[in-house]
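I opened my notebook today to look up how this chain is put together. Come along and check each entry against the picture as we go.

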Amino acid sequence: MSNDNWKKLGVFAFLDTGPPFANRKDYSTLVMLHGLSATAGFFKHFFPLAKNVGARIILINRREYPGSDPFSDQDHALIASATHDTPEASENANLFMKARTKELYDFLCELVRSEDLLTNSIILAGWSLGAAFMTAFLTYAPTFEADEIELSRYIRRVIVYDPPSIALGYPAPDGYYYPFNDPSISLDEGMKTFPLWATGYYAHGETLETLSRTALDDPRPTILVMSVEDIGMAICVPPSLSDGVDMLLLQNGSKNGLFARLRMTALFVPDGTGEGWSNVEFRYFWCDRSVWPIISGIQSFIAETETARQLGKLVRKHSIVRMNGANHCAHWDEPERTLKLLVSDD
């Protein structure tokens, strides 16, 4: 996982295990996007396990993270202008995320072309805030004109991996602490407390009323068992500061309804969506000892899909995977179990 291992394709720097087999192409390719203030290196524990699960693993650094292209002043201004709940702000937020989807779409098309990947072989996953890029992908990818690569034929499923409720546009319950909404501290001060809060283990009940607000003493939060070197490799703070693009996206995507629009379009496939894209599976992978916004999110998702079924609404083919006993950093603390669940078809 040294700097020599990084590759570049389009706007993205990425890490790639390469094919797991020397003379076979019948393998899955897991393409992962990280979340807020993390990097692709946060998933480094997957790499030695790739051959064991028969998968190729590609870890992308999103733009503004090490090795990938920074955003232009115009890109930054576009998401910064999406502060309010107005038609113009909503349209600017849509344009920003559509452009991010096109970058990922082009990356995957070139990957298929250059690596001669088989159809139905790509599993695309986004962790935490990265989940918003997954719903954006399912929303906007069908709007792009295919060249010789019909990308939908190569995508087996899209996974939102342990998404917080905010990244899917679900409202948060009243009275629960969130570092970035703490009126007593600034956004940048909230970022300092965020890793400890987000990487703890919590013992929740099965209802909204029994969500735990206090982390367990044992196991300890993941950030406390990581070395200084590991933290330096896995964490990148600037995009999550108050003027950083990720923080602007997190704040504005909630305020103007972007995240909710992306979720609903991804989940409830609009008329006119191409048949290939309509058949791409949506998987919700969650860890039941994660911090409360993760648990609130899956509860909202289950309620929404059950209500939709009762009303006869057409819902995209989807599945739910629960990882028992795991926290928001399952890929670090339990990489083998996490990777097997991510690439499994069960």
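**Entry 1: a pair of strands.** A reminder to myself before I start: this is a predicted model. I looked up strand β6, residues 155-161, and found that it pairs with strand β7, residues 281-287, in the parallel sense over five bridges. Within this pair, I159 of β6 has R283 of β7 standing opposite.

**Entry 2: a helix on the sheet.** Next I followed helix α3, which runs from residue 87 to residue 115 and packs on the sheet. I noted the strands that α3 touches: β1, β2, β3, β4, β5 and β6. The direction of α3 makes about 145° with that of β4.

**Entry 3: the whole sheet.** In what order do the eight strands of the open sheet stand? I read it as β1-β2-β4-β3-β5-β6-β7-β8, with mixed pairing. The edges belong to β1 (7-9) and β8 (318-323); each has a single partner strand, so one side of each is left without a neighbour in the sheet. On average, neighbouring strands are turned by 25° against each other, direction ignored.

**Entry 4: strand β3.** I wanted to know how many of the six residues of β3 are buried. The answer is six of six. I then sorted them by face: S28, L30 and M32 lie on one side, T29, V31 and L33 on the other, and all are buried.

Entry 5: The largest pocket holds about 280 Å³ of space. It is lined by 18 residues, and I marked I166, Y170, P171, A172 and S254 as the closest to its centre. Helices α8, α9 and α11 each supply at least two residues of this lining. I sorted the lining into 11 nonpolar residues, six polar and one charged.

The second largest pocket has a volume of about 200 Å³. Of its 14 lining residues, G205, E206, W286, D288 and R322 lie nearest the centre. Here α11 gives the most, with four residues. This lining divides into six nonpolar, four polar and four charged residues.

Notes. Residues are numbered from 1 along each chain as its sequence is written. This is a predicted model: local features need pLDDT of at least 70, side-chain atom pairs count only at pLDDT 80 or more; totals for chains, interfaces and linings use all residues. Side-chain values use heavy atoms; hydrogens and water are left out. Two strands pair if DSSP finds at least two bridges between them. Axes are lines fitted to C-alpha atoms, for helices over the stretch in contact, and angles run from 0 to 180 degrees between N-to-C directions. Contact means heavy atoms within 4.5 Å. Buried means under 20% relative accessible area, exposed over 50%, partly exposed in between (1.4 Å probe, protein chains only). On a 1 Å grid over the protein atoms alone, a cavity is a set of points where a 1.4 Å probe fits but cannot get out, and a pocket is an open set with protein on both sides within 12 Å along at least five of seven lines; lining residues have an atom within 4 Å of a point. Grid points are joined across faces, edges and corners, and a volume is the space filled by probe spheres set on the points. Ala, Val, Leu, Ile, Met, Phe, Trp, Tyr, Cys and Pro count as nonpolar, Asp, Glu, Lys and Arg as charged, and the others, Gly among them, as polar.
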